[in-house]
2 protein chains.
Amino acid sequence: MTRIESVDVHDVRFPTSAAGDGSDAINRGDYSATYVELRTDGPHVGAGFTFTNGRGNEITCAAVRALARHVTGRTLAELTADPAAFSRSLTADPQLRWLGPEKGVIAMASGALINAVWDLRAKCAGAPLWQLLAEMSTEELVACVDFHHISDALTPAEATAILDKGLVGLPDRLAELTRDGFPSYTTSVGWLGYPDDKVRGLARQAYAEGWRAMKMKVGGDLGDDVRRAGIIRAEIGTDALLMMDANQVWDVDEAITAMGRLAAFDPYWIEEPTHADDVLGHARINQAVAGLTGGRCRVATGEVAANRVIFKQLLQADAIGVVQVDACRVAGVNEVLAELLLAAKFGIPVCPHAGGVGLCELVQHIAVFDYLRVGTSLDGRMIEYVDHLHEHFEDPVRTQDGRYLLPDQPGYSATMRPASIAEFSFPEGPAWQ
Amino acid sequence: MTRIESVDVHDVRFPTSAAGDGSDAINRGDYSATYVELRTDGPHVGAGFTFTNGRGNEITCAAVRALARHVTGRTLAELTADPAAFSRSLTADPQLRWLGPEKGVIAMASGALINAVWDLRAKCAGAPLWQLLAEMSTEELVACVDFHHISDALTPAEATAILDKGLVGLPDRLAELTRDGFPSYTTSVGWLGYPDDKVRGLARQAYAEGWRAMKMKVGGDLGDDVRRAGIIRAEIGTDALLMMDANQVWDVDEAITAMGRLAAFDPYWIEEPTHADDVLGHARINQAVAGLTGGRCRVATGEVAANRVIFKQLLQADAIGVVQVDACRVAGVNEVLAELLLAAKFGIPVCPHAGGVGLCELVQHIAVFDYLRVGTSLDGRMIEYVDHLHEHFEDPVRTQDGRYLLPDQPGYSATMRPASIAEFSFPEGPAWQ
């Protein structure tokens, strides 16, 4: 019986801003993690985190400390006996909920802690998280989901039917992933901070390495966006997918106008074309880009979608063609399960958001579980891949020919190397002196 | 030329939870303020705050400290030269935006700071905030609004037309408010924590005091809600308005079912019937309650609506019949101006959310300015009134016969008494020892 004795929080920041890595139309910063360790009376430490953009990482750290009372002193058995109730003890805390509700800092901090509990559970089970989830009974999985405020779109009975159906053919899908890995795409070719020559070189290199799907940032000067799209499309030819990501910078009509010009480069999706909260705006843009491209292009979003209620509406309103769940923007694995089930209910593929610090490590588990048990298709499914900061993790992602190899270590691949924590702790670590 | 030399942040908490005051279907806590003082080289201190529910107030304090760099060392003249740009320096900070975006802790902390700048500006002008705003030129007011992500619903030209129209008849409206005060309603009659006898006595007392509009909390056991609604309606007769507030506890279909029973008590509005992010859900409920009541009842929401993009959609989707802006849930006066203009564009009345700590003190300025210059009607307009904690403010609200009297002191009525700050500072104040 594993008991959580204390919660350690580390403010870990990597000085990424200098190189222009990660720069887009909205965000420029130092990739950081609010890193949580659940100390137990057993052999395992539960690791979880949320990703932030540098300054302000101390705020999410403070939020983790405020929420830590919901796990400290409790046994893993207690927390997993009614997983949705545990999740709600954080997300619906009667005092802290006001600070969201279920969004922003407080959702992200909840995610760090809930993810750490899942990491601990998977380590205790001796299984990678994807496997732990895939082997759970339908009843156990449904018990993880908080249906509050989504029951008009997804009932427990519907979730049960989806998960039961997901048992059919599961061994074949697992054998396929074990053999081939999981499809992915690369975002490392076209950050806004990069000059044209670097973009051209990176696109050429990515294609040579086997990538057949890559993403560029847009939302700067439209003329620049058009020129860079032309450079990349020329390098990768017509057989590779080109995704575009505006990081919310456009207004609704501006997005439609911009896509009118960018459609010439056959974009596969336009990501975050406008404000993340704008369900109705995304719906208008989704219809418009489908019209501009004969249905070839669609809207993708999700990396800053606050919670299952936003995803529910994006799906109800036919506002997106790709669900980009993030592993720790929302309140952790339980909330992600709700979003995977919603996506399956509406028949929309999930392509998790990654990059940042450790997001690739986490979302591979989500995508694999989704294929094995929920979405059950690889059609239109890809995991984002960004080649940053993996060296700081004990169990880093492994890719081959543009595909993620199945993680095989117990846990959620969330454990950061102690040396990295020490080196990059803010402000006292040597990297910041 | 006033320069802001430093930003002091106080974690002030009032132990309100013991009495059941402020208890509703979702929230139970100790009413608290993240209280900000802008220290200047001049005679005035700019005061601002955001309201929280107790635990977690230290998180919004940390967020204020992270954002303080955008005001420290700057002159009031610099900050007011391009007010929308100043507002965006906080709400679109390239590192801190990730923690929202424009929602939750980071929006609330932005609100505390931006409100403090407006308080300082009004004090320096020697005018109450409502008067400062009402006397600004249309051009100056439009320059305060960030139209980013709302231009599909409200353009600068449309805002200009609304504000120009608001100049017509302004002296008459001001004379009317000076003579009669501003209509309001009371929320102090029916908190969920109160027993039936207390509810009955408070409803009787409120009616005797002249209140002809009052609000009860619903969203507990439906049978209890129905019984309490009956008690209140019996006390106040058919001529007084009865509003109901579910504080987001219901799912969409549950809300429609519950209102099917509560409609018997002629509710004037149902407030926060479901999750604050659920634009499409509110739209369904709004149509349903209109149908149940022959158009007499409508949906009201806004106290935790994160930003202008959510309000824009609520209005676009015909999801609400009352806009309940909050003074410090969103990023302060600038964001509120956008919301008032959006409401006017769509012809929906604004009834600001109040209560908590100091919210009544702030929103009276918003409602008065809205009547004078934006909405220009009192039809369906009321300011919420809760009889809590006013004694801690230097310039507390004054009410008479169920109406707010016009505030007449310079500033935003945000200044807290030094003795209250000292007594209730957490955790070191005597009240918490």
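H4(B) is mostly covered, with 20 of its 22 residues buried (under 20% relative accessible area; exposed is over 50% and partly exposed in between, with a 1.4 Å probe and protein chains only). This is a predicted model, in which local features need pLDDT of at least 70 and side-chain atom pairs count only at pLDDT 80 or more, while totals for chains, interfaces and linings use all residues. Side-chain values use heavy atoms, with hydrogens and water left out; residues are numbered from 1 along each chain as its sequence is written, and chains are lettered from A and ligands numbered from 1 in the order in which they are written.

In chain A, helix H3 (residues 83–91) packs on helix H4 (residues 104–125) at about 155°, their axes 10 Å apart. That makes H3(A) roughly antiparallel to H4(A), the label for angles over 145 degrees. On the H3(A) side, Phe86(A), Ser87(A), Leu90(A) and Thr91(A) meet Ser110(A), Leu113(A), Ile114(A) and Val117(A) of H4(A), contact being heavy atoms within 4.5 Å.

Back in chain B, helix H12 (residues 279–292) has 14 residues and reaches 20 Å between its first and last C-alpha, close to the 20 Å expected. Among its buried residues are Val279(B), His282(B), Ile285(B) and Val289(B). The buried residues of H12(B) pack against helix H13 (308–316) of chain A, as well as H11, S7, S8 and H13 of chain B. Just after H12(B) comes Gly294(B), with a positive phi of about 60°.

Asp251(A) also reaches across to the other chain. It lies in the loop between strand S6 (241–245) and helix H11 (252–262) of chain A and is buried, at 7% relative accessible area. Leaving aside residues up to four places away in sequence, Asp251(A) touches Thr274(A) along with Phe147(B), His148(B), His149(B), Ile150(B) and Ser151(B).

As for the two copies, chain A can be laid on chain B with an RMSD of 0.0 Å by a turn of 180° and a shift of 0.0 Å along the axis (least squares on C-alpha atoms of residues with pLDDT of at least 70 in both). That is the relation of a two-fold axis. The same surface serves both copies, as 100% of the contact residues of chain A recur in chain B.

Terms used:
Helices (H or I, at least four residues) and strands (E, at least two) are DSSP runs, numbered from the N terminus. The expected span of a helix is 1.5 Å times one less than its number of residues. Axes are lines fitted to C-alpha atoms, for helices over the stretch in contact, and angles run from 0 to 180 degrees between N-to-C directions. Angles under 35 degrees count as roughly parallel, over 145 as roughly antiparallel, 65 to 115 as roughly perpendicular and the rest as oblique.
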